[in-house]
Amino acid sequence: MAPIQKLLSAFIIALTVTVSASAADYSHYLRHIPPAENFGQVVLDNYSHKAGVLPVTFDHWLHRAKFTCRLCHIDIGFAMKAEMTEISAADNMSGYYCGACHDGKRVFDGRNIFGSCAENYTEDKGKRCARCHSSAEAEERKYDYKSFSEKLPKLPGNLIDWEKAESEGKVKLTDFLEGVSFKREPLKAQDDFTIKIRSWDVIFSHRKHTVWNGCELCHPMIFPSTKRGTTKYSMFQIMMKGEYCGVCHTSVAFSVWLCAKCHITLDE
Amino acid sequence: MKNFSRFTLLSLLFLYLFFGNCIVGNFSSVYAQDDWKQEYSSVCAKTQNAMILTPEELKSYIDRCDKLLALINELEGEQAATEKKVYTKRVKMCRELYQFALEYKEHK
Amino acid sequence: MKKAIFTTTLLFAIIGIAFAQNGVKKKRPLPFDFGRVVINNYSEASHIAPVVFDHWLHRAKFTCRLCHVDIGFAMKAGATDIKARDNINGYYCGTCHDGTRRVFADTLMFSSCKEEFAQKDETCDRCHSSGKNVKKKYDFREFVKGWPRERFGNGVNWEKAEERELIIPYDYIEGVSIKREKLIAQQDFKIAPKVEGMPDIIFSHEKHTLWNGCELCHPEIFTGIKKGLTKYSMLDIYEGKYCGVCHINVAFPLLDCQRCHTEKVQ
C-alpha cells in the first residue's frame with residue numbers, strides 16, 4: 001500500500017475507535033475500579049450548575065445499607081443511569097424522588113429525615129443544601145465511608161461485602177415505606193439457575209436478586225425474554241458496554257472484575 | 001279551459017315530484033342532507049348491547065352500516081373530506097363490533 | 001479491493017455495535033410526561049410546531065370511549081391524520097375545541113385551528129408546543145396534588161381517584177355522542193400465564209368496558225370471538241400489540257407486573 005493509503009487507513013481506524021468508544025461510553029468502563037469510598041458514586045448535574053449550586057454527589061453506599069434497590073428504583077422511580085431521572089428542585093419539593101423521603105417530616109430509624117431543596121436560599125438552608133449539593137468529602141456531610149464501613153465485612157479493595165453484612169445481621173434493608181411504596185401481592189420467589197459457559201458456569205442467584213430488586217427492575221427492560229436462554233449477550237457487552245448484568249455490576253454492585261463472584265466454578 | 005290546463009299542470013307537477021325520485025333519479029340519495037347522520041346515530045346506538053342482540057338484528061345492523069359506508073364514500077360538499085374520514089372510521093368501528101358479536105353467536 | 005471492502009464492513013460493524021444498546025434500562029417517562037403523544041402529520045410541513053398532547057388532563061375528565069369511539073381518534077400517534085381543516089369543521093379536537101362549547105359549566109373551550117389565527121397567535125401554542133418552552137395552563141403537580149398515588153405511569157391511582165370522586169370522567173357529550181342504552185357489564189375472567197410461577201391474571205373486563213366501551217378493543221385489538229382463541233405472549237404485548245396498545249404508553253405500564261398478575265400466590 002502506498003504511504004498515503006496507510007496513513008488514511010490508520011486515521012480511519014483511529015477515528016472509528018474513538019467515535020465508538022465515546023458513543024458507547026467505553027471509557028467509563030475501561031477505567032480502573034474507583035477507590036471504595038467512590039464506588040457507586042453518582043454525580044447529578046441536570047440543573048444544579050444552571051441554578052448556581054454545586055452538582056449533587058450521591059454515594060450509593062449509605063442508602064444501599066438501609067433500603068432495597070427496589071424501593072428507590074421501582075417504588076420511587078429513580079432511573080438506572082446518572083442524570084436520566086432529571087430531578088428538579090420542584091420535583092423534590094412536591095414529594096417526588098428525593099423528596100419522597102427527604103421532606104423534613106418523615107421519621108426513619110428514630111430520626112427526622114432532612115428536607116430536600118427549598119424555594120429561597122438562606123445561609124441556614126445552605127447547610128442543608130450542602131448535604132447533597134457538595135463534594136463527597138464536604139464537612140456538611142454527616143456520614144463518611146471510613147467510619148461507616150469500619151465494622152462491615154469487606155471484599156478486596158476495601159469494598160463492602162453487602163451479602164455477608166446482611167447475612168450477619170449488620171445491615172437490615174427496608175423494602176416498604178408507608179406513603180412511598182405500594183402494597184403488592186408477593187410474586188413467587190424465583191429459583192437460582194445455572195448459565196452454562198463451557199467450564200466457567202455461572203450460578204445465577206435469581207432468588208437473592210428478586211429479594212433485593214423485585215422483578216420490575218430487570219424485567220423486561222434489561223432482560224426482555226420470558227424464556228431462559230433466548231436473550232443472548234456476551235461479557236463484552238456486560239463489561240465494556242454496561243449492558244445486562246453490567247447495568248449494576250459495573251457501577252454500583254460488586255465489580256465485574258471480581259470474576260469468581262459469579263463464575264463460581266473458577267474457585268474449584 | 002284555462003282552469004283545466006292549470007289543474008293538469010299542477011297534477012303533473014305533483015305526480016312528478018311524487019314519483020320523480022324513482023323515474024328520473026334526481027332524488028337518488030335515500031337520506032336528505034343530514035339524515036344519514038341520524039341513521040348513523042340510530043344504527044350505532046346498539047353497540048353497548050351487541051352481545052344480547054339476535055343474529056338477525058345483528059345482520060340487519062351490519063347491512064345498514066354497509067349502506068351507510070357506501071353513502072359516506074359518495075359525500076360531496078365543503079366538509080366532505082373531513083366527514084368521510086371521520087364517519088368512515090366511526091361506522092367501521094361499530095360495524096365490525098356487530099360482525100364480531102355475530103361471529104361469536106354463530107360459533108357458540 | 002476485497003481487503004478494502006472487508007475492512008470497511010468491519011468498521012461499519014464496529015460503529016454499529018457501538019451505537020446499538022440492548023439490555024439497559026431506558027429512561028422511564030417522568031410522571032407528567034407519561035402518556036405524551038406528539039402529532040406531526042402536517043404541522044412541520046405547515047411551518048408550525050408539532051402538537052404535544054398530554055393524556056393526563058383529558059384522562060381526568062373523559063372516558064377513553066368518548067374520544068376514541070365517539071369522536072374517533074385512532075389509538076396510535078399520527079394514525080388519525082388530523083388536519084386543521086378537520087378541526088375547523090368541528091371534528092376531532094374541534095369537536096369540543098370550537099370556541100363556543102362549554103363542556104364544563106365554567107370553562108369555555110378554546111378554539112382550535114381557527115381560520116383567522118395568524119401564525120403568531122398564542123392560542124396555537126397551547127397545542128402546537130413541541131420544542132417550545134410554553135407555559136401550559138394546567139400544571140401537572142398542582143393538578144394531582146393530594147390524589148391517591150401509584151407507582152409508574154403518571155404516578156396517580158386513577159381508579160381510586162374515580163372512587164373518591166376526585167375525577168368524574170364524562171362519557172357523553174351532547175351533539176357528539178350517540179345516545180346509547182346502558183352497558184351490560186362484562187364479566188371479569190382469569191387468564192393463565194405461560195411462565196410457570198407467575199400468578200394468574202384476573203382480567204378486569206367490567207372496568208375496561210366501563211371506560212372503553214366494546215368497540216375500542218373488539219375486534220381490532222382482540223379479534224378472537226371466543227375466550228382463549230387469540231394466542232399471544234408477553235413478547236407480543238411488549239411490542240405494542242394486545243394489552244400493549246394501551247399499557248405501554250398511556251395506561252399503567254407493563255413494568256407493574258402485579259397489577260395484572262394478581263392471583264394470590266399459592
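Student: What does the accessible surface of chain A come to, and what share belongs to carbon and sulfur atoms?
Tutor: In this predicted model, chain A has an accessible surface of about 15800 Å², and 60% of that belongs to carbon and sulfur atoms.

Student: How many of its residues are buried?
Tutor: Chain A has 268 residues, and 39% of them count as buried.

Student: How many charged side chains does chain A have?
Tutor: There are 34 positive and 32 negative side chains in chain A, and the centres of these two sets are 4 Å apart.

Student: What about contacts along chain A?
Tutor: Take the contacts in chain A between residues at least 6 apart in sequence: 51% of them join residues at least 24 apart.

Student: Where is Glu83(A), and what does it touch?
Tutor: Glu83(A) sits in the loop between H5 and H6 of chain A. With neighbours within four places in sequence left aside, its contacts are Val43(A), Leu44(A), Asp45(A) and Asn46(A).

Student: Switching to the backbone: what is the phi of Tyr97(A)?
Tutor: Tyr97(A) has a positive phi of about 50 degrees, although this residue is not a glycine. Look for Tyr97(A) in the loop between helix H6 (89-93) and strand S3 (107-108) of chain A. Tyr97(A) counts as buried because its relative accessible area, 6%, is under 20%.

Student: Now chain C. What is its make-up?
Tutor: Chain C has nine helices and four strands. Along the sequence they come in the order α-β-β-α-α-α-α-α-α-β-β-α-α. The C-alpha atoms of chain C fill a box of roughly 70 × 60 × 40 Å along the principal axes.

Student: And its surface and burial?
Tutor: The accessible surface of chain C is about 15300 Å², with 57% belonging to carbon and sulfur atoms. Of the 266 residues in chain C, 41% are buried.

Student: How many positive and negative side chains does chain C have?
Tutor: Chain C has 40 positive and 33 negative side chains, and 6 Å separates the centres of the two sets.

Student: Where is the cis peptide bond in chain C?
Tutor: The bond from His218(C) to Pro219(C) is cis, with omega near -5 degrees. Pro219(C) belongs to the loop between helix H8 (205-212) and helix H9 (234-238) of chain C.

Student: What is the phi of Phe152(C)?
Tutor: Phe152(C), which is not a glycine, has a positive phi of about 65 degrees. The residue lies in the loop between helix H6 (140-143) and helix H7 (158-163) of chain C. Phe152(C) is buried, with a relative accessible area of 8%.

Student: Which residues lie nearest the centre of the second largest pocket?
Tutor: Phe152(C) is one of them, along with Arg28(C), Pro29(C), Pro253(C) and Leu255(C). The whole lining has 48 residues, and the pocket holds about 920 Å³ of space. The largest share of its lining, three residues, comes from helix H5 (residues 69-76) of chain A.

Student: How many cavities of 30 Å³ or more are there?
Tutor: A search of the whole structure finds two. The largest cavity has about 70 Å³ of space. Its lining draws on chain A, including His73(A), Phe78(A) and Met221(A), and on chain C, including Lys25(C) and Arg28(C).

Terms used: Residues are numbered from 1 along each chain as its sequence is written. Chains are lettered from A and ligands numbered from 1 in the order in which they are written. This is a predicted model: local features need pLDDT of at least 70, side-chain atom pairs count only at pLDDT 80 or more; totals for chains, interfaces and linings use all residues. Side-chain values use heavy atoms; hydrogens and water are left out. Helices (H or I, at least four residues) and strands (E, at least two) are DSSP runs, numbered from the N terminus. Buried means under 20% relative accessible area, exposed over 50%, partly exposed in between (1.4 Å probe, protein chains only). Accessible areas come from the Shrake-Rupley method with a 1.4 Å probe; for residues, only the protein chains shown count as cover. Lys and Arg count as positive and Asp and Glu as negative; His and the chain ends are not counted. The place of a charge is taken as NZ of Lys, CZ of Arg, CG of Asp or CD of Glu. On a 1 Å grid over the protein atoms alone, a cavity is a set of points where a 1.4 Å probe fits but cannot get out, and a pocket is an open set with protein on both sides within 12 Å along at least five of seven lines; lining residues have an atom within 4 Å of a point. Grid points are joined across faces, edges and corners, and a volume is the space filled by probe spheres set on the points. Contact means heavy atoms within 4.5 Å.
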